[in-house]
Amino acid sequence: MKKIPLTLLIATALASHAFGQTTDKDNTANNARDRDGETLTSGDQSNDPADLKITAEARKMVVADKDLSMGAKNVKIITVAGVVTLRGPVDSEAEKTAIAKYAKKAGATSVTNQLEVKKP
């Protein structure tokens, strides 16, 4: 068994703390919810060219928005038959609203906004 130097372990622990990763990242409840087939996941994204175009355009607008948090830029954008479903955590109601507007502007016939605003 290879031994890990103590300094490496300490450095890793300090880095985790410095980047705010001291909270539990357990998302078991979300995973269970997604397995039931009732909610869309990224695997449900349509391969229809029109749907792919909507998703790509919405993603470009989200990524280009310098006011959005990194978490907001990484939300799931899933398009099926012109309907965009948005899922994932965002920092504020303003981010939630902005992303939905981008999806609509990208050509969505409707938007199902399931984005979750993080609690402070």
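## Around Val62 and helix 3

Q: Which residues does Val62 touch, not counting residues up to four places away in sequence?
A: Keep in mind that this is a predicted model. Val62 itself belongs to helix 3. Leaving out residues up to four places away in sequence, the ones Val62 touches are Leu68, Ala72, Lys73, Ile77, Ile99 and Tyr102.

Q: Is Val62 buried or exposed?
A: The cut-off for buried is under 20% relative accessible area. Val62 comes out at 0% relative accessibility, so it counts as buried.

Q: Where do the buried residues of helix 3 fall, seen down its axis?
A: The buried set in helix 3 is Asp51, Ile54, Thr55, Ala58, Met61 and Val62. Seen down the helix axis, they fall within an arc of 130 degrees, so they line one face of the helix. 

Q: Which elements do the buried residues of helix 3 pack against?
A: The opposite face, turned away from the buried side, carries the exposed residues Pro49, Lys53, Lys60 and Ala64. On the buried side, the packing partners are helix 4 (70–73), strand 1, strand 2 and helix 5 (93–105).

Q: What does helix 3 reach from its first C-alpha to its last?
A: Helix 3 runs over residues 49–64, which is 16 residues. At 1.5 Å a residue the expected value is 22 Å, and the model is close to that. From first C-alpha to last, helix 3 reaches 22 Å.

Q: At the start of helix 3, which residue's backbone nitrogen does a side-chain oxygen of Asp48 reach?
A: Asp48 has polar contacts through both its backbone and its side chain: its backbone nitrogen lies 3.0 Å from a polar side-chain atom of Ser46. Its side-chain oxygen comes to within 3.0 Å of the backbone nitrogen of Ala50.

Q: Is Ser46 buried or exposed?
A: Ser46 sits in the loop between helix 2 (28–35) and helix 3. Beyond four places in sequence, Ser46 touches Asp51, Leu52, Thr79 and Val80. With a relative accessible area of 16%, against a cut-off of under 20%, Ser46 is buried.

Q: Which residues is Leu68 in contact with, leaving aside neighbours within four places in sequence?
A: Leu68 is in the loop between helix 3 and helix 4, and its relative accessible area of 8% makes it buried. Setting aside neighbours within four places in sequence, its contacts are Val62, Lys73, Glu95, Ala98, Ile99 and Tyr102.

Q: Which residues touch the most other members of the largest nonpolar core?
A: This core has 18 residues. The elements giving it two or more residues are helix 3, strand 2 and helix 5. Ile99, for one, is in contact with Val62, Leu68, Ala72, Val75, Leu86, Val90 and Leu115, leaving aside neighbours within four places in sequence. The members that touch the most others are Ile77, Val84, Leu86 and Ile99.

Q: In which sense do strand 1 and strand 2 pair?
A: Strand 1 covers residues 76–80 and strand 2 covers residues 83–90. Lys76 stands opposite Arg87 in strand 2. Over five bridges, the pairing is antiparallel.

Q: Which residue in the turn of the hairpin has a positive phi?
A: Strand 1 and strand 2 form the hairpin, with two residues between them. The phi in question is about 55 degrees, and it belongs to Ala81.

Notes
Residues numbered from 1 in each chain as written. Predicted model: local features only at pLDDT ≥ 70, side-chain atom pairs only at ≥ 80, totals over all residues. Heavy atoms only, no water. Pairing = 2+ DSSP bridges. Helix = DSSP H or I, 4+ residues; strand = E, 2+ residues; numbered from the N terminus. Expected span 1.5 Å × (residues − 1). Buried < 20%, exposed > 50% of the residue type's maximum accessible area, 1.4 Å probe, protein only. Arc of directions from axis to C-beta. Contact = heavy atoms within 4.5 Å. Polar contact = N/O pair within 3.5 Å; in protein donor to acceptor, adjacent residues only side chain to side chain. Core = buried A, V, L, I, M, F, W, Y, C linked by side-chain atoms within 4.5 Å.
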